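Visitor: Could you walk me through the side-chain contacts in this model?
Guide: Gladly, let's take a look together.

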Amino acid sequence: MCGVAGIFNLDGAPVSPVVLGRMTDMLTHRGPDDRGVHVDGALGLGHRRLSIIDLTAAGHQPIATPDGRFVLSYNGEVYNFAELRTELESAGFRFRSRTDSEVVLYAFAHWGLAAVERFNGMFALALWDTTERRLHLVRDRYGIKPLYYTLAGRSLLIGSESKAFLAHPDFAPQVGTAGLVEYLTFQNCFTDNTILDGVRIVEPGTIMTFSEGKETPQVRRYWDYAFAEPESHASEAELTEELDRLFTQAVNRQLVSDVPVGAYLSGGIDSGSITAIAAQQLPMMSTFTVGFDLNSASGIELAFDERASAEHMSYLFRTQQYEMVLKAGDMERAMRQVVWHIEEPRVGQSYPNYYAARLASRFAKVVLAGTGGDEMFGGYPWRYYRGAVASSFDDYAANYFDFWQRLVPSESMKTLIAPLGPDAAAVDPRQIFHDVFQEHASSLTRPEDYINHSMYFEAKTFLHGLLTVDDKLSMAHSLETRVPFLDNDLVDFAMALPTSMKLDNLQDVVRMNENDPGKLHTYFARTKDGKKLLRKAMARHVPSDISEREKQGFSGPDASWFRGESIDYVRDLLMSPRARIYDVLDRKTVTDLVNDHLEGRENRRLLIWSLLCIENWLDIFAHGRWEGLA
């Protein structure tokens, strides 16, 4: 796991090794173990290494083929690298290291860009072809590892994190209007925009190719999600056996490492099942749980602490369990570091992830996480049901859009973003929402189709946001996060499962909509309907009270804390006459929405978190106050 940085001067001017070195060193936290740069005229690649496989100097990057044609700067792990290495050795390649990075390099040299379709893992890489003078940017199927790019003058800049661009003299950080409007609508970015103007993220499953003299790249999507209702399928018993086999295989694949491997243990089925399998191979494996002080919590927030369930599973699986309890005020203490590392706020309150990664990094260099289990196996039934019955795609999209407009009431959005001017008013969030589906909208005819399209949508957007958060906040602590649920074979299996193997009560929802649609909303709170087959298969590995429990998110009691212990922090940042947020947002609209929460009229915890992030982001990035954070 590493950091990638680069400069490609499209006008042919030579790259400055000094500037490239500074960009590379902005990513030191991603790779504190080694540093390398490679300059070839107008192209420069930098690399920071976090040594995971083959800890020797043989793993140094950037790495070049023996003939010098291809040069690679690579971030990730390809878990099937041993099998690929065997094939490449049979083809005559000779290896000087035990790394997967050398396998990836020779795979491209042997199979061309089609090699990417053979990789089972997570990766983001830059591959320079010295013969054709082309730079290829490649990202894994799911977007587990990030890669950003921007144009600064005639220079293409690339980086595992966009903070690398701050070290280039021609890059001027400014707020990106379209990205900010997307974030304020969805608490996420559904396009390749970020809230840094001109900075874009390479999309998952995509190869971008830049050539000298051309600003416009060639773009090829080599993979996309394809959730579909099968015409026929095996019995539930047979599918359960196959799921168990594939899941066990996926976890075991991702244990390859020359450094300690641990696991997050939240108390739920996903992380619990991963831990159960991994612990069979790694005796006394370290596990990590973050809980919350609930003394000032109320209502549903009283259920947010999962430490008791995690401790029970740690006892059963004989792991070394480490815990941390977050209190009111811990968010405030970590806020600027969180914003600096996450760079582009996304999906939910992410400071607990920051603390979880910090805890894990003290005892392991690699950690397994349960991200992806919900998105692949139907873990959000209360969301899917909103679009399960529709008269048309437009009807479906309208229902689903209303749910995903997470932060600001539609009637307040226009006035909120007015200070951004006409560029903001021209951004159409509904069109952005529609565009996620691209050509898939024409095939919707049955409730099962709408469910599959909901899963497609969430994998493309919500899951991508979660993965971005996981990567940034683990790498902030030089920690590699692996996600076994996003093993290629397991994902292919999940996408071909019938919805009846994911959701328990879809037909009840359909009948209720037909007979008494007014009661349909009662199903929106159902959280045990999802992951039917996964629960059945994982019941072999975790206690029944875990496999049968309701879905619960990783969230603290922030609604209560924002009205209580953290109320002064919220007011000091968001109500201050010097607040930077009012350079881009309307003051009265913001204060009215915030006061709705502080005075108990509405629960706007997600909005308040997002506004706090934007305020800190503007101060750090747009106003250059990042001293002491790097």
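This is a predicted model: local features need pLDDT of at least 70, side-chain atom pairs count only at pLDDT 80 or more; totals for chains, interfaces and linings use all residues.

Visitor: Which parts of the chain does the salt bridge between Asp492 and Arg141 tie together, and how far apart are they in sequence?
Guide: The closest N and O atoms of Asp492 and Arg141 are 3.5 Å apart, and the cut-off for a salt bridge is 4 Å. Asp492 belongs to helix 18 (residues 488-495), while Arg141 sits in the loop between strand 7 (134-139) and strand 8 (148-152). The pair therefore ties together parts whose separation in sequence is 351 residues.

Visitor: How many residues apart in sequence are the parts tied together by Arg154 and Glu215?
Guide: These two side chains meet in a salt bridge at 2.8 Å, N to O. Arg154 lies in the loop between strand 8 and strand 9 (155-159), and Glu215 in the loop between strand 11 (206-211) and strand 12 (218-221). Arg154 is partly exposed at 32% relative accessibility, and Glu215 is partly exposed at 38%. The parts that this pair ties together are apart in sequence by 61 residues.

Visitor: Where does Asp374, the salt-bridge partner of Lys531, lie?
Guide: The side chains of Lys531 and Asp374 meet at 2.8 Å, N to O, and both residues are buried. Lys531 lies in the loop between helix 19 (506-515) and helix 20 (532-538), 157 residues apart in sequence from the part that holds its partner. Asp374 lies in helix 10 (residues 373-377).

Visitor: How many salt bridges does the structure hold?
Guide: Some of them share partners, and in this way Arg30, Lys145, Glu161, Lys163, Glu343, Glu344, Arg346, Asp471 and Lys472 are joined into one network. For the structure, the number of salt bridges is 49.

Visitor: What kind of aromatic pair do Phe247 and Phe485 form?
Guide: Phe247 is in helix 5 (residues 236-253) and Phe485 in the loop between strand 17 (480-482) and helix 18, so this pair links parts that are 238 residues apart in sequence. Both Phe247 and Phe485 are buried. Their ring centres are 5.1 Å apart and their planes are at 40 degrees, so the pair is tilted.

Visitor: Over which ring does the charged end of Arg383 sit?
Guide: Lys163 lies over the face of Trp340, at 5.0 Å from the ring centre. The charged end of Arg383 sits 4.6 Å from the centre of a ring, that of Phe462.

Visitor: How many disulfides does the structure hold?
Guide: Cys613 is buried at 2% relative accessibility. The nearest cysteine sulfur to that of Cys613 belongs to Cys189, 13 Å away, whereas a disulfide needs sulfur atoms within 2.5 Å. Cys613 is therefore in no disulfide, and the number of disulfides in the structure is 0.

Methods
Residues are numbered from 1 along each chain as its sequence is written. Side-chain values use heavy atoms; hydrogens and water are left out. Helices (H or I, at least four residues) and strands (E, at least two) are DSSP runs, numbered from the N terminus. Buried means under 20% relative accessible area, exposed over 50%, partly exposed in between (1.4 Å probe, protein chains only). Rings of Phe, Tyr and Trp (its six-membered ring) pair if their centres lie within 6.5 Å; planes under 30 degrees apart count as stacked, over 60 as edge-to-face and the rest as tilted. A charge sits over a ring if NZ of Lys or CZ of Arg is within 6 Å of the ring centre and within 35 degrees of the ring normal.
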